[in-house]
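Visitor: Could you show me how to read the packing of helices in a model like this one?
Guide: Let us look at the structure together and take the features in turn.

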Amino acid sequence: VQFGQAAAGHLLMELYRCLPPDVQTSCDIVGIFTQLDECEDFSQQLALLRSFGLYAIESQKKENEASAKRKEQLDDILAYIYENYTFPDLSMTSIAEHVSLSANTVRMLFREHGLASPKDYIQKLRMEEACRMLRETDLPAREIGEQIGFIDSRYFYVSFKKYTGKTAYEYRAASKNEH
């Protein structure tokens, strides 16, 4: 039984390491070790380990399903943003309502996947489109700003300069010189 307890303890720790961190913190590992010590033979220890192993597998399965669901939700959010980033009224509220989540949950999904904040993500899309339009069209910067969702042309000019380090005029001139 002594050898069995050592082996069972080792197996228990290996199973515990397989659990997601949030499940580890909610797991009473000390209580399970105590139960292992109280087992009268190795078959009881194995039965206890089997039930804990099934618990670990089920917890990991739930974590994987939850992670897949969060990834799917983020994909829906990103698709919605990409389809609507040119609308001036695109906001955290409209994004959250579209995917039936709270604004805080939307922000958490962005953080969880290592993305910038939703506001910064939208701003980046708008600035990338402004850069493309300045390179490929002759539209005035003011009109480009309006087409990508800026109501106030001054705010567009300031945002563009902050993003690129150049005014729209300087950016267009530099891109034309490159070709």
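Guide: Two packed helices are described by the angle between their axes and the distance between the axes. In this predicted model, helix α7 (residues 118–136) and helix α9 (residues 153–164) pack at an angle of about 90°, with their axes 10 Å apart. That angle makes α7 roughly perpendicular to α9, a term covering 65 to 115 degrees.

Visitor: Which residues of α7 and α9 make the contact?
Guide: Contact means heavy atoms within 4.5 Å. On the α7 side the contact is made by Gln123, Lys124, Met127, Glu128, Ala130, Cys131 and Leu134, and on the α9 side by Tyr155, Phe156, Ser159, Phe160, Tyr163 and Thr164. By class, this contact of α7 with α9 has eight nonpolar, three polar and two charged residues.

Visitor: Which residues of helix α3 are buried?
Guide: An α-helix has 3.6 residues a turn, so residues three or four places apart point the same way. In α3 (residues 29–38), Ile29, Gly31, Ile32 and Leu36 are buried, meaning under 20% relative accessible area. Seen down the axis of α3, these buried residues fall within an arc of 160°, so they line one face of the helix. On the other side of α3, Val30, Asp37 and Glu38 are exposed, that is, over 50%.

Visitor: What should I keep in mind about the numbering and the values?
Guide: Residues are numbered from 1 along each chain as its sequence is written. Local features need pLDDT of at least 70, side-chain atom pairs count only at pLDDT 80 or more, and totals for chains, interfaces and linings use all residues, while side-chain values use heavy atoms, with hydrogens and water left out.

Conventions: Axes fitted to C-alpha atoms, helices over the stretch in contact; angles between N-to-C directions. Helix = DSSP H or I, 4+ residues; strand = E, 2+ residues; numbered from the N terminus. Parallel < 35°, antiparallel > 145°, perpendicular 65-115°, else oblique. Nonpolar A, V, L, I, M, F, W, Y, C, P; charged D, E, K, R; others polar. Buried < 20%, exposed > 50% of the residue type's maximum accessible area, 1.4 Å probe, protein only. Arc of directions from axis to C-beta.
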